[in-house]
Amino acid sequence: MDPGMATGGGGSIPDVHSNTDSSNKTLLKSQALYKYVLDTSVLPHEPECMRNLRLVTDKHAWGFMQSSPDEAQLLRMLIKLIGARNTLEVGVFTGYSLLATALALPDDGKVIAFDINRDYYNIGRPFIERAGVAGKVDFREGPALENLDALLADEANLGAFDFAFVDADKPNYVRYHEQLLRLVRVGGIIVYDNTLWCGTVAMPPETPMSDLDKRFSAAIRDLNVRLSADDRVEVCQLAIADGVTICRRLV
């Protein structure tokens, strides 16, 4: 989730992610059931360095923007399943999902990560260094669209990446998709975060929401329709965290 989501504009209507942190970022109706999932199969396997960064980020004013621990577990599993070595991350925040990626990559793996705010990334950088995976991380500050275009300018990068994770400004997801389909290899995976936007994608249009939530929810609905109709990818949408969509490139 990106910093642009942190401020609303709908008068007294709170943003839908208010009061959210890594302990309750779920679309499950039962908080007890989510706690059971975390306590049984997620948190016991969360590396200490990730747990420490997650808890520090929870105290940040925009802490709700970080990925949930079950989502990070999913990313690590996907990276290992496809044997990814070269990956991309669009939107970093403090780097919890970035650290998960770096830990899952082999020793010769690399993740190129883009974010417009280096200060947030610098919060997580010490945890990445202490985990011994800083050498796998290539952080590049600036707008992702421009950074991805720079990669595309080099033909050697076309189809050179195995995996990409996108958790940035939602209105640009559709544009990121077109760029990433050229960078990620056939058989590779692109994962989009926040694709259910706290359930608002299924709410009636007249549902009272902040201006930000209306705008981002509309962008996500548009993305979901496009991904479902895109015959270049195979799609799987999961109700994990705030909604996760996995795309496997077919052509």
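View 1. Tyr 36 belongs to helix α1 (residues 31–42), where helices (H or I, at least four residues) and strands (E, at least two) are DSSP runs numbered from the N terminus. Tyr 36 counts as exposed because its relative accessibility is 53%, given that exposed means over 50% relative accessible area, buried under 20%, and partly exposed in between (1.4 Å probe, protein chains only). Residues are numbered from 1 along each chain as its sequence is written, and side-chain values use heavy atoms, with hydrogens and water left out. Because the model is predicted, local features need pLDDT of at least 70 and side-chain atom pairs count only at pLDDT 80 or more, whereas totals for chains, interfaces and linings use all residues.

View 2. The open sheet is mixed in its pairing and has the strand order β3-β2-β1-β4-β5-β7-β6, two strands being paired if DSSP finds at least two bridges between them. At its edges lie β3 (137–141) and β6 (233–238), each of which pairs on one side only. Neighbouring strands of this sheet are turned by 15° against each other on average, direction ignored. Strand β2 (residues 110–115) runs parallel to β3 and is joined to it by five bridges, with Phe 114 having Arg 140 of β3 as its bridge partner. Helix α6 (residues 144–152) packs on the sheet, touching β1 (86–90), β2, β3 and β4, and its direction makes about 140° with that of β2. Helix α3 (residues 69–81) lies across β4 (161–166), β5 (184–193), β6 and β7 (244–249), running at about 170° to β4. Contact here means heavy atoms within 4.5 Å, while axes are lines fitted to C-alpha atoms, for helices over the stretch in contact, and angles run from 0 to 180 degrees between N-to-C directions.

**View 3. Strand β7 between β5 and β6.** Strand β7 is mostly covered, five of its six residues being buried. With β5 it pairs in the antiparallel sense over five bridges, and with β6, also antiparallel, it is joined by six bridges. Cys 247 of β7 stands opposite Ile 190 and also opposite Val 235.

**View 4. Two residues with positive phi.** The hairpin of β6 and β7 has five residues between the strands, and within it Ala 241 takes a positive phi near 55°, although Ala 241 is not a glycine. Ala 241 counts as buried because its relative accessibility is 2%. Phe 93, likewise not a glycine, has a positive phi of about 55° and lies in the loop between β1 and α4. Its relative accessible area of 4% is why Phe 93 is described as buried. Helix α4 (residues 96–104) is mostly covered, with eight of its nine residues buried, among them Tyr 96, Leu 98 and Leu 99.

**View 5. Salt bridges within and between elements.** The structure holds twelve salt bridges, each being a side-chain nitrogen of Lys or Arg within 4 Å of a carboxyl oxygen of Asp or Glu. Glu 46 and Arg 54 meet in one of them at 2.8 Å, N to O, and both of these residues are buried. Arg 125 forms a salt bridge with Glu 129, the closest N and O atoms being 3.1 Å apart; both lie in helix α5 (residues 118–130), four residues apart, about one turn of the helix. Arg 125 is partly exposed at 22% relative accessibility, as is Glu 129 at 45%. Glu 178 forms a salt bridge with Arg 232, with the closest N and O atoms 2.8 Å apart. This pair links distant parts of the chain, Glu 178 in helix α7 (residues 173–183) and Arg 232 in the loop between α8 (211–229) and β6, 54 residues apart. Salt bridges that share partners join Glu 178, Asp 230 and Arg 232 into one network.
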